[in-house]
Amino acid sequence: MKEFRMNPATQKIVNNRTGVEQQIKPQKLHEVAYQEKSRIQTNYSELNNVLGGGIVRGSATLIAGDPGVGKSTLLLQLALSLSSKSKVLYISGEESVEQVKMRAERIKNQELRIKNQGKDDESLFLLSITDADAIVEQIVEMKPDLVVIDSIQTIESQNVSGLSGSVAQVRYAALQFIRCAKQYNIPVVIVGHVTKEGMVAGPMVLSHMVDTVLFLEGEKFAKTRILRSLKNRFGPVDEVGIFFMEEEGMQEATNPEQLFLTQAKEQVPGSVLVATLEGSRAFLVELQALAVTTRLPMPRRVVSGVDGRRVELLLAVLQKHYHLPVDTMDIFVNVAGGMKLSDPGIDLGICLAVYSSLKNIALTRTVGIAEVGLLGELRVVSGLEKRVKEAEKLGFKNTITAKKYKTLQEVLNQFQKIQKAQSIGVSESQ
């Protein structure tokens, strides 16, 4: 015998996301009542830009990143900054309330000094618990303005079999938190761990269930942290925020456009600037290349910050069409500042950096912005005007684009003329 539950005759169902009973009846598009979602403005402009203007009330946000990158620190700073005007509930499944208090004391003095806040954190409530159902009860009872859950992989429930972090437990906990957020119009920010492949740990459905997915990335030995938006139902998905990890916590970058530029007074061979786009923001980044003669049967290709296969392709173009002896050279390519670039607009910069190092020519204040094809042609990249404008704003007038030059050969010929002029000037002075 098996028991079946019959639907009521009123044809009403309970919405799984909101938990509210509603009538089963299709509506016409123009009959649907719509109201713009209100947002909570944070004290961090970089975070507001990534979220599309602030935290949407009733939204569920997932923030993921490598261990130790600063997820908990950023969210604790967010909770501290909002606690002076809003009721914030910070739930930790990894730390005790004493440990969270210790981190908060270290951060709070810096926060108060930067934001000029005179009020104490009277509206920040801490809770160390891992039971999903008990967390929902606390949220419903308190009805805070913001909930932070750190992290989803530590939450479990007696209603579901399996250990914390399993697929069933993560799915159940996420469903309960999202339903609570929608039903009571309370924004929930959830911390998620990542696997060794860089994906969010747990079921992929977790990323589909939430409204926003943010990823915090950064090198272990570098201070720079980049917050990316991978999914956002209420804003753009191509924005990035730049932060610094200091002893006092996360700090916003004051001039992120100049962050990845070196302060060298003299231009040296092998250094070229490129203008890249991260979201809607243009950055000037220094590309460095080093070409040295090798006796190895297989020359080495050591690349950091860009795709190694793309560098191999560009070296083949330089060897095939311009007869540069890269097959007898060890080539090293590096992006200054620890930034990782996948923009095709840096192709010209890589070629010019390798050419500059191989020919020992200093390309003074040169910015390369173009994609290089297999036949050596230059292609226009997206956001060209914004890139050129950013370069000119920082004082770099010599920008090489696909609108000025059609092929890479024209660009290299121009630099060969500069090299001849420099050599003639040196011989005359001697």
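Accessible areas are computed by the Shrake-Rupley method with a 1.4 Å probe, and for residues only the protein chains shown count as cover. The model is predicted, so local features need pLDDT of at least 70 and side-chain atom pairs count only at pLDDT 80 or more, whereas totals for chains, interfaces and linings use all residues. Residues are numbered from 1 along each chain as its sequence is written, and side-chain values use heavy atoms, with hydrogens and water left out.

**Figure 1. The whole chain.** The accessible surface of the chain comes to about 22700 Å², of which 52% belongs to carbon and sulfur atoms. The chain has 10 helices and 21 strands; these are DSSP runs numbered from the N terminus (helices H or I, at least four residues; strands E, at least two). Buried residues make up 46% of the 430 residues, where buried means under 20% relative accessible area, exposed over 50% and partly exposed in between (1.4 Å probe, protein chains only).

**Figure 2. Helix α7.** The 15 residues of α7 (residues 308-322) should span 21 Å at 1.5 Å a residue, and the end C-alpha atoms are 21 Å apart, which agrees; the expected span is 1.5 Å times one less than the number of residues. Val311, Leu314, Leu315, Val317, Leu318 and Tyr322 are buried in α7. They cover an arc of only 150° around the axis, which puts them on the same side of α7; the arc is that of the directions from the helix axis to the C-beta atoms. On the other side of α7, Arg309 and Lys320 are exposed. Just after the helix, His323 takes a positive phi of about 55°.

**Figure 3. The largest nonpolar core.** A nonpolar core is a set of buried Ala, Val, Leu, Ile, Met, Phe, Trp, Tyr and Cys residues joined through side-chain atoms within 4.5 Å. Of the 46 residues in the largest such core, Leu318, Leu352 and Leu408 touch the most other members. Helix α8 gives the most to this core, with eight residues. Leu408 is in contact (heavy atoms within 4.5 Å) with residues including Leu318, Tyr322 and Leu378, not counting residues up to four places away in sequence.

**Figure 4. Surroundings of Leu341.** Leu341 lies in the loop between β17 and α8. At 6% relative accessibility, Leu341 counts as buried. The C-alpha atoms of Leu341 and Val306 are separated by 5.3 Å, although the two are 35 residues apart along the chain. Among the residues that Leu341 touches are Val274, Val285, Val306 and Ile346, not counting residues up to four places away in sequence.
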